[in-house]
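This briefing is meant for a reader who is meeting the structure for the first time. Please look over the chains as they are displayed, and then follow the points below topic by topic.

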Number of protein chains: 4
Amino acid sequence: MITAAAFEAILREKLPFAQALALEIVAVDAERTVLRMPYRSDFLRPGGTIGGPLLMALADIALYGAVMAALGPVEQAVTTSLTINFLRRPPPADVTAEARLIKLGRRLAVGTVELFSAQEAEMVAHVSGTYSIPPRPE
Amino acid sequence: MITAAAFEAILREKLPFAQALALEIVAVDAERTVLRMPYRSDFLRPGGTIGGPLLMALADIALYGAVMAALGPVEQAVTTSLTINFLRRPPPADVTAEARLIKLGRRLAVGTVELFSAQEAEMVAHVSGTYSIPPRPE
Amino acid sequence: MITAAAFEAILREKLPFAQALALEIVAVDAERTVLRMPYRSDFLRPGGTIGGPLLMALADIALYGAVMAALGPVEQAVTTSLTINFLRRPPPADVTAEARLIKLGRRLAVGTVELFSAQEAEMVAHVSGTYSIPPRPE
Amino acid sequence: MITAAAFEAILREKLPFAQALALEIVAVDAERTVLRMPYRSDFLRPGGTIGGPLLMALADIALYGAVMAALGPVEQAVTTSLTINFLRRPPPADVTAEARLIKLGRRLAVGTVELFSAQEAEMVAHVSGTYSIPPRPE
């Protein structure tokens, strides 16, 4: 419903805080949306790991992509809730987010996001979130 | 346990992504930690409201302050989980976060954060979160 | 919008699993809905504390009451999400839930619930939850 | 680490509220723990669907099983947080819960639970939860 190029244009032109993270789009398709957040030293927090707010931003934007992969460019879709469990401290390295929808209703989409470090096989954080979908023409 | 000046120094020197938000410390005391995020146009998302990742970052950092207000400068404390409910779309204006602890255990702190826009009386988002506390000398 | 007697009738006649808990309605008003769950020994789990599922049930039903306190007898309102943080292990004693709405939209209500043991001053669990509100005549 | 028979004995002898649900153990192994909750008419709520508290109880107990499948009979493990997203209203039919751990730390286990109705292919609810693990001998 949306191409990687179209999603990339939305991030670049309409989400300046996403643009500032220089996210790379790995996949945007019916199955899953995958984004990569290239490592930068200003993502670190005490302890030398990547800060939670960066992981939450990455996950939220990946889910935004998953909603548009299912519905087309519904830019006005907004997060209504998000829960994150931090599992392992991500080392100084790229982080990848894989978002999938588990429900696509008329008004609400629900999805999960799994976050992985480029350095480790095991998941570093797990997210579930809901998006409110704006009314659309029939 | 920690002064506003000491918390401000941690944000400035050790949390570059917090520093980039230019957060202002309104209060750091035993009752609550209050931070203000001054509005910037690059916080906006489609629809002209402030993006969810900014609100999540502000809430997480306010809770970090509340943990240090209770325990002193435990910089290595890390978020283990966070749930946010977005209640109203925050207009282009400053946002304030008020964090309070509801449990302070030996290994885990739990708190809530209420987010308010400078433009509205009603809460714009509600957060509950948990922090893992590093082992400390007796 | 709904009296304690009317809410009690809904619990008794239409929510058999709530009825089985013998919940007592302490208050149902615009400010808050308060329910008490009288202690029974079959609520216990290993360690001699009250099981999590009992606390979740109590909180969910208290929030259901808060929605009806705001809107009248919208029995078809359904929970769409719920997050609970368990703070302290509740000893064998009555548990009280205090539910408050923090948002009342046309389609969605959001609230928090604080759970207390009759034996202790400190909160034993904190809940945030969302209810989907059925369409109503204007 | 624990057999289905051993887990069944814990539910029967030490969790009376689980015993009251007559849960059936479908699988308890390293990969996943699967429980089935046989339908009963007293599980229904207004609208003719299965009440949220029953789904939350089923999910929490499935995750308890997953923790013991990984660690052995650590009966004193307790839930510290749980988030549920209700996706579709479960019709009057059996519900199955599939629990998997996504982190197994020394002190904390984190898992997800997917709930399915016997009547439908699509997930009816999704849960993420954390369990605190009691100290064990080395």
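What is shown here is a predicted model, and the predictor gives the complex an ipTM of 0.97 together with a pTM of 0.97. For chain A the mean pLDDT is 96, with 99% of the residues of that chain reaching 70 or more.

- Most residues other than glycine have a negative phi.
- Ala22(C), by contrast, has a phi near 55°, which is a positive value in a residue other than glycine.
- In chain D, the loop between helix H2 (16-19) and strand E1 (24-28) holds Ala22(D), whose phi is likewise near 55° and positive although the residue is not glycine.
- Ala22(D) also counts as exposed, because 11 other C-beta atoms lie within 10 Å.

**Where chain A meets chain B**

- To this contact chain A contributes 28 residues, and chain B contributes 28 residues.
- On the side of chain A that touches chain B, at least two residues each come from helix H2 (16-19), helix H3 (52-71) and strand E5 (78-86) of chain A, and the element that gives the most is E5(A), with 9 residues.
- Sorted by class, the residues on that side of chain A are 13 nonpolar, 9 polar and 6 charged.
- E5(A) pairs with strand E5 (residues 78-86) of chain B in the antiparallel sense, over 5 bridges, and within this pairing Asn85(A) stands opposite Ser81(B) in E5(B).
- Chain A is superposed on chain B, with an RMSD of 0.0 Å, by a rotation of 180° and 0.0 Å of shift along the axis; in chain A, the C-alpha nearest that axis belongs to Thr83(A), at 2.1 Å from it.
- Of the interface residues of chain A, 100% are also interface residues in chain B, so the copies meet through the same surface.

**Where chain D meets chain A**

- This contact takes 11 residues from chain D and 12 residues from chain A.
- Two or more residues each are given to the side of chain D that touches chain A by strand E5 (78-86), strand E6 (95-104), strand E7 (108-117) and strand E8 (123-132) of chain D, and E8(D) gives the most, with 4 residues.
- The side of chain D that touches chain A consists, by class, of 4 nonpolar, 6 polar and 1 charged residues.

- Strand E6 (residues 95-104) of chain C runs antiparallel to E7(C) and is joined to it by 9 bridges, with Ser117(C) in E7(C) as the bridge partner of Val95(C); the two strands form a hairpin with 3 residues between them.
- E7(C) also pairs in the antiparallel sense with strand E8 (residues 123-132) of chain C, over 9 bridges, and here Met123(C) in E8(C) is the bridge partner of Phe116(C).
- E7(C) and E8(C) form a hairpin as well, with 5 residues between them.

**The largest nonpolar core**

- In soluble globular proteins, nonpolar side chains tend to be buried together.
- The largest nonpolar core in this model has 194 residues, among which Leu58(A), Leu58(B), Leu58(C) and Leu58(D) touch the most other members.
- If residues up to four places away in sequence are not counted, Leu58(A) touches Leu35(A), Met37(A), Val95(A), Ala97(A) and Leu115(A).

Note on methods:
Residues numbered from 1 in each chain as written. Chains lettered and ligands numbered in written order. Predicted model: local features only at pLDDT ≥ 70, side-chain atom pairs only at ≥ 80, totals over all residues. Contact = placed C-beta atoms within 7 Å. Nonpolar A, V, L, I, M, F, W, Y, C, P; charged D, E, K, R; others polar. Pairing = 2+ DSSP bridges. pLDDT = per-residue confidence, 0-100. Core = buried A, V, L, I, M, F, W, Y, C linked by C-beta atoms within 7 Å. Buried ≥ 20, exposed ≤ 12 C-beta atoms within 10 Å, placed from the backbone. Least-squares fit on C-alpha atoms with pLDDT ≥ 70 in both.
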